[in-house]
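Subject: Structure handover

Hi,

Here is the structure I promised to pass on to you. Have a look at it first, and then read on for what turned up in it.

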Amino acid sequence: MALSVVGMTATAPTSPTAPEVCDFTVLGGTGDLALRKLLPALYLRDREDQLPADTRIIGVSRTPLDDAGYRAEVRDAVVRHVDEARLDEAALDRMLARVHHVTLDMEQPEDWDRLHAVLKDRPHHEDAVRVFYLAVAPSLFGPICQRLDQIGAVNQDARVVMEKPIGHDLASARAVNDAVGAVFAEEQIFRIDHYLGKESVQNLLVTRFANTFLEPLWNSRWVDHVQITVAESLGVGDRGGYYDHAGALRDMVQNHLLQLLCLVAMEPPTYVGRETVRDEKLKVLQALKPMLPGDVDRDTVRGRYGAGLVDGEPAASYADDLGHSASSTETFVALRAEVQNWRWAGVPFYLRTGKRMDRRASEIVVVFKEPPHAMFPHSEGSTSANRLHIQVQPDEGMRLHLTAKEPGPGGIRLRPVSLDLSYATTFDQPSPDAYERLLMDVIKGNPTLFMRRDEVEAAWTWTEPILRRWAATPERPKRYPAGTTGPIAAAMLLERDGRTWQEPDQ
Ligand code: NAP
């Protein structure tokens, strides 16, 4: 039996194929997410002839637009957000011919008949795979699903796609999952985490499970610790209203960083398939050492950016970006987590994320233990621990740091070197955007790279005590100047354990 590896298509027990007829409805079709990410991604897949031949893309919003008006907006968005080398007039025209717009207010029950009329307006409409992408505020997720059900739009092949945030705590996440789950079966629900669609993240699974050399080392015997950094150089921009209610822990750690941690820490599944990977990720989330109040005080650091310099340009403080200083929301988190199982007992996982940091870079670093014995007593230079850097963005790739002998006669001079795998140069083609991959998975009905309900809830179960403890303490987030690596306390979190953060270009 051939096995399926994520990112490659091969015959597998659950190998999904593209349907022949598809209606891809973007609820919130004029919004930032739709125009910046979703429609460009659909254009790019259509350009590669991957959309089902009979596909319609239906944007839904309150803005009064006919098909021609919406097509003009979509054209602008594709031209603006797709690399010039990948723009092709004939492909764009073909994609735009698929595009339609339905003007409706999702909060007005009677308006929904307009969408229903469009969905039924095609031969064999009952055979179409219907994708409903919820690119709207999460408060609308439940009501939208209810309306879709009431108008009879949810056929057997329907799927619904949800963006983060799924709730702001465990109870609200359950409420969203209950509301959506009352209409769609779990296998029809696609909770997107675009980090999982990145090539380097999928390659992490391939590197771990399609090679043999790492597996014997991938445990507490040989791994000293793991670091996961997701640093953004941007501030909150015009998302301040949303962000101030969320903060870095909810916005980034609860979803993206914990998902990356799961992929590093999970056990090999029997094969890489729709439920097996998610089963293993869930076990990691359930094995995270619970955060008691004392653990939160000791093992977490909150920060908030003050004014500073980013890329040589002055950057305002969070309070100035927000327009007031009354908030106690964190824009930075660093924490120490532990996975309590046989493989990882005693190995710290340090997670760090923040806005207005010195660079935009996401990276996983697996730091191996020092060699057990100094074999070159009379050498110059020194050995350093081996490290595997997995660069998630911006330049996807992988670097293995080793110690080598510097060429030359005489004694031995030790020097750190690295084996580099750059996606851009090795594969001589740009990596597709994560959404390109993930939207095709939705169309094909492949949920492997999407979060299951139990995963989301397990991630909230672990995160919530941190939020509760922070809310119960008078301490406020520590200030860090914009354009830096975060508050000093984050460096001390590791120094306390005799370690340091690996900065992305080290
Ligand atoms: P946005 O720019 O505010 O867009 C919202 C869209 O929903 C617009 O098309 C808006 O169009 C439509 N809409 C809002 N209320 C409506 C109603 N009552 N009836 C019909 N249409 C309505 O928001 P966004 O940034 O695209 O974000 C959408 C969702 O994705 C949010 O849940 C967000 O948290 C999540 N998300 C976004 C990003 C991102 O990069 N933007 C990233 C991750 C997650 P009209 O005003 O014309 O009705």
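A quick word on terms before the details: buried means under 20% relative accessible area, exposed means over 50%, and partly exposed is in between, with a 1.4 Å probe and protein chains only. This is a predicted model, in which local features need pLDDT of at least 70 and side-chain atom pairs count only at pLDDT 80 or more, while totals for chains, interfaces and linings use all residues. Residues are numbered from 1 along each chain as its sequence is written, and side-chain values use heavy atoms, with hydrogens and water left out.

Arg 356 is buried, its relative accessible area being 17%. Although Arg 356 is not a glycine, its phi is positive, at about 55°. You will find Arg 356 in the loop between β12 (348–354) and β13 (361–368); helices (H or I, at least four residues) and strands (E, at least two) are DSSP runs, numbered from the N terminus.

Asp 49 also has a positive phi without being a glycine, near 65°. The loop that holds Asp 49 runs between α1 and β2 (54–61). Is Asp 49 buried or exposed? With a relative accessible area of 57%, Asp 49 is exposed.

There are cis peptide bonds to look at as well. One joins Lys 164 and Pro 165, with omega about 0°, and Pro 165 sits in the loop between β5 (158–162) and α6 (170–181). Another joins Gln 393 and Pro 394, with omega about 5°; the loop between β14 (387–393) and β15 (397–405) is the place of Pro 394.

**Around the ligand**

The ligand has 21 residues around it, and Thr 30, Arg 36, Arg 62, Thr 63 and Val 136 come nearest. A residue is counted as near if one of its heavy atoms lies within 4 Å of the molecule. By class, this shell has eight nonpolar, six polar and seven charged residues. Here Ala, Val, Leu, Ile, Met, Phe, Trp, Tyr, Cys and Pro count as nonpolar, Asp, Glu, Lys and Arg as charged, and the others, Gly among them, as polar. Helix α1 (residues 32–47) gives the largest share of the shell, three residues.

Which polar side-chain atom lies 2.4 Å from an oxygen atom of the ligand? That atom belongs to Thr 63. Polar backbone atoms take part too: one of Gly 31 is 2.9 Å from a ligand oxygen, and one of Leu 33 is 2.8 Å from a ligand oxygen. A polar contact is a pair of N or O atoms within 3.5 Å; within protein, one must be able to donate a hydrogen and the other to accept it, and residues adjacent in sequence count only if both atoms are side-chain atoms. The ligand taken alone exposes 870 Å², and the protein buries 76% of that. These areas come from the Shrake-Rupley method with a 1.4 Å probe; for residues, only the protein chains shown count as cover.

**Helices worth a look**

In helix α1 you will also find Lys 37. Lys 37 counts as partly exposed because its relative accessibility is 24%.

For helix α2 (residues 67–81), the 15 residues should span 21 Å at 1.5 Å a residue, and the end C-alpha atoms are 21 Å apart, so the two agree. The expected span is 1.5 Å times one less than the number of residues. Within α2, Tyr 70, Val 74, Ala 77 and Val 78 are buried. They lie on the same side of α2 because they cover an arc of only 100° around the axis, the arc being that of the directions from the helix axis to the C-beta atoms. Ala 68 and Arg 80, on the other side of α2, are exposed.

Leu 96 belongs to helix α3 (residues 89–97) and is buried, with a relative accessible area of 7%. Leu 96 and Ile 57 are 39 residues apart along the chain, with 8.7 Å between their C-alpha atoms.

Finally, Asn 255 in helix α9 (residues 248–265) is buried at 4% relative accessible area. A polar atom of the Asn 255 side chain lies 3.2 Å from the backbone oxygen of Arg 250. From C-alpha to C-alpha, Asn 255 and Asp 193 are 7.2 Å apart in space, and 62 residues apart in sequence.

Best wishes
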